[in-house]
Amino acid sequence: ITPTYAVLQSGTRIYLLSIMAIWFIFYRYCLKNKTLKMIILPMVGIAALYVFLNSGIYAKMITPSAYGDLVGLAKITNGRSDFWTIDIEQYINGDLFKVLLGGGFDYTSRLNMKYYNMYIWAHNDYLENLLAVGVVGVIIYLSAIKKIWIKLRKEHNFIMTCAVFFYCVVIGFMNGFFPYQHYVYSFIIIYSFVVMQYSESGNHDRDY
């Protein structure tokens with residue numbers, strides 16, 4: 001309940017997926033009694049709706065523009081779609097060295113300052129890596145992501161794997177994963193918890 005409340009007050013809408021993943025894992029592994037699950041589910045639903053309607057995330061949905069008077073898709077994405085377009089265009093038009101190895105860890109921020117008038121990074125791990133460390137960096141990054149998926153699929157069913165996987169992958173695409181150290185720690189805790197639950201359950205989780 002405490003981390004859910006904290007996330008809701010953050011104002012970052014994409015973290016609703018994180019909350020869903022946390023509660024799915026909790027519901028799957030921490031509530032063993034089926035009757036208790038049926039009783040708690042509607043109570044939690046009502047409480048969650050009330051808290052959500054009074055949260056920072058809901059307020060952000062009502063007034064989504066954080067970076068000025070944005071319109072269209074940019075208003076929904078808080079300008080991300082605009083500077084993503086700029087960043088992709090600059091990458092495509094870059095020289096071979098930057099395409100392969102990138103322009104450095106402040107390259108995206110400098111581009112956005114020049115063409116978007118804001119010194120801001122891409123808010124997207126994959127695009128940020130593409131511009132900062134090029135194709136080589138993205139391949140290394142994706143290889144780590146692939147190993148996480150393979151490890152989870154060997155031990156868990158598809159839904160549980162997606163819950164844990166999306167906790168880092170989707171967040172990394174829509175807002176950023178690795179730049180937020182506290183969020184990385186939370187993923188390590190959740191990942192470790194799920195792996196331990198698999199070991200303690202006698203390796204039968206894929207049957208569910």
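I looked up which helices (DSSP runs of H or I, at least four residues, numbered from the N terminus) supply the nonpolar patch, and found that α7 (96-101) and α9 (125-155) each give at least two of its residues. The model is predicted, so I note that local features need pLDDT of at least 70 and side-chain atom pairs pLDDT 80 or more, while totals for chains, interfaces and linings use all residues. Residues are numbered from 1 along each chain as its sequence is written, and side-chain values use heavy atoms, without hydrogens or water.

I listed the patch members as L96, F97, L100, L101, V135, V136, I139 and I140, together about 760 Å² of accessible area on the surface (Shrake-Rupley method, 1.4 Å probe, only the protein chains shown counting as cover).

I then checked F97, which lies in helix α7 and is exposed at a relative accessible area of 55% (exposed is over 50%, buried under 20%, partly exposed in between).

Turning to helix α8 (residues 107-116), I noted Y107, T108, S109, L111, N112 and Y116 as its buried residues, and these pack against α6 (80-92), α7 and α9. N117, with a positive phi near 65°, follows α8.

Last, I looked at V164, which, leaving aside neighbours within four places in sequence, is in contact (heavy atoms within 4.5 Å) with I25, L152, F187, Y191 and V194.

Conventions
Patch = residues over 30% accessible without salt bridge, like charges linked within 9 Å, V, L, I, M, F, W, Y side chains within 5 Å. Salt bridge = Lys/Arg side-chain N within 4 Å of Asp/Glu carboxyl O. Buried < 20%, exposed > 50% of the residue type's maximum accessible area, 1.4 Å probe, protein only.
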